[in-house]
Amino acid sequence: MQETTESELNFQELTLESIANLILTEYTAINSKIEAERNIHTRRKLIATELYTTERSYVTSLQVISDHFITSLSSGKKRILPAAEVKRIFANWKSILVCHIEILELLRERINSWGSTRLIGDVFEESKMNSITQLYKFYINNFDRSLASLEHYRQKSTKFNKFLEEKVSAHGQGLEVGGYVI
């Protein structure tokens with residue numbers, strides 16, 4: 001049997017130490033990658049949740065106008081404004097609301113079934129964005145007329161002003177009706 005020399009023992013120890021360091025380095029790298037993946041997943045979920053929360057807030061604002069302003073102005077025997085003026089002021093508001101309710105529902109579904117591979121980009125796919133763009137193009141083109149009509153009836157009708165004050169006080173969330181129209 002051959003005797004192991006001291007230099008061979010040091011070589012074996014260094015080799016074992018080197019292997020242990022290599023394993024530790026690899027373990028640390030893998031652990032860092034896992035942590036990075038976890039952080040990316042957490043960040044993605046936070047971003048998706050923020051999109052959902054923002055959309056929910058926007059839909060709530062659209063619903064306030066639809067439910068408490070448009071519906072009230074459009075119904076009843078004693079109309080405060082002619083139907084054509086309500087339509088001029090709020091143009092395609094309900095179409096925009098319906099579109100955003102749909103987006104909100106899609107976002108809610110994504111958040112409720114969130115996983116590391118879940119995506120939300122398809123919620124904003126090109127065909128849907130084209131529809132939204134058309135809705136907002138009409139809205140923007142009508143914006144000046146809308147504000148002008150709103151201001152005209154504010155100056156002309158005390159009944160309309162009283163209506164606005166009551167609705168803003170009860171449902172305005174700190175915003176005047178013009179703030180919603182923007």
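In this predicted model, Arg88 and Glu85 share helix α2, where three residues, about one turn of the helix, separate them. The two side chains form a salt bridge in which the closest N and O atoms are 2.8 Å apart. This pair belongs to a set of five salt bridges in the structure.

- An α-helix has 3.6 residues a turn, so residues three or four places apart point the same way.
- Arg88 is classed as partly exposed because its relative accessible area is 38%.
- Ser149 itself is part of helix α4, and its 6% relative accessibility places it among buried residues.

- Side chains of opposite charge can pair when their charged atoms come close.
- Arg110 and Asp122 form a salt bridge, with 2.4 Å between the closest N and O atoms.
- Because Arg110 lies in helix α3 and Asp122 in the loop between α3 and α4, the pair ties together parts that are 12 residues apart in sequence.
- Arg110 is buried, at a relative accessible area of 9%, whereas Asp122 is partly exposed at 40% relative accessibility.

- Lys162 and Glu166 are joined by a salt bridge with an N to O distance of 3.7 Å.
- Both residues belong to helix α5 (residues 158-171) and are four residues apart, about one turn of the helix.
- Lys162 has a relative accessible area of 51% and is therefore exposed, the cut-off being over 50%.
- Glu166, at 45% relative accessibility, counts as partly exposed.

**Helix α3 and its buried side**

- Helix α3 comprises 20 residues and spans 28 Å from its first C-alpha to its last, close to the 28 Å expected at 1.5 Å a residue.
- The buried residues of α3 are Trp93, Ile96, Leu97, Cys99, His100, Ile103, Leu104, Leu107, Arg110 and Ile111.

**Backbone at Ala91**

- Most residues other than glycine have a negative phi.
- Ala91 is not a glycine, yet its phi is positive, at about 30°.
- Ala91 is located in the loop that lies between α2 (83-90) and α3 (93-112).
- With a relative accessible area of 21%, Ala91 is partly exposed, given that buried requires under 20%.

**Nonpolar surface patch**

- Ile47, Leu51, Phe124 and Met129 together make a nonpolar surface patch of about 300 Å².
- Of these residues, Met129 is found in helix α4 (residues 126-156).
- Met129 is partly exposed, with a relative accessibility of 32%; a residue qualifies for a patch with over 30% relative accessible area and no salt bridge.

Notes. Residues are numbered from 1 along each chain as its sequence is written. This is a predicted model: local features need pLDDT of at least 70, side-chain atom pairs count only at pLDDT 80 or more; totals for chains, interfaces and linings use all residues. Side-chain values use heavy atoms; hydrogens and water are left out. Patches are made of residues with over 30% relative accessible area and no salt bridge: like charges are joined within 9 Å, nonpolar side chains (Val, Leu, Ile, Met, Phe, Trp, Tyr) within 5 Å. Accessible areas come from the Shrake-Rupley method with a 1.4 Å probe; for residues, only the protein chains shown count as cover. A salt bridge is a side-chain nitrogen of Lys or Arg within 4 Å of a carboxyl oxygen of Asp or Glu. Helices (H or I, at least four residues) and strands (E, at least two) are DSSP runs, numbered from the N terminus. Buried means under 20% relative accessible area, exposed over 50%, partly exposed in between (1.4 Å probe, protein chains only). The expected span of a helix is 1.5 Å times one less than its number of residues.
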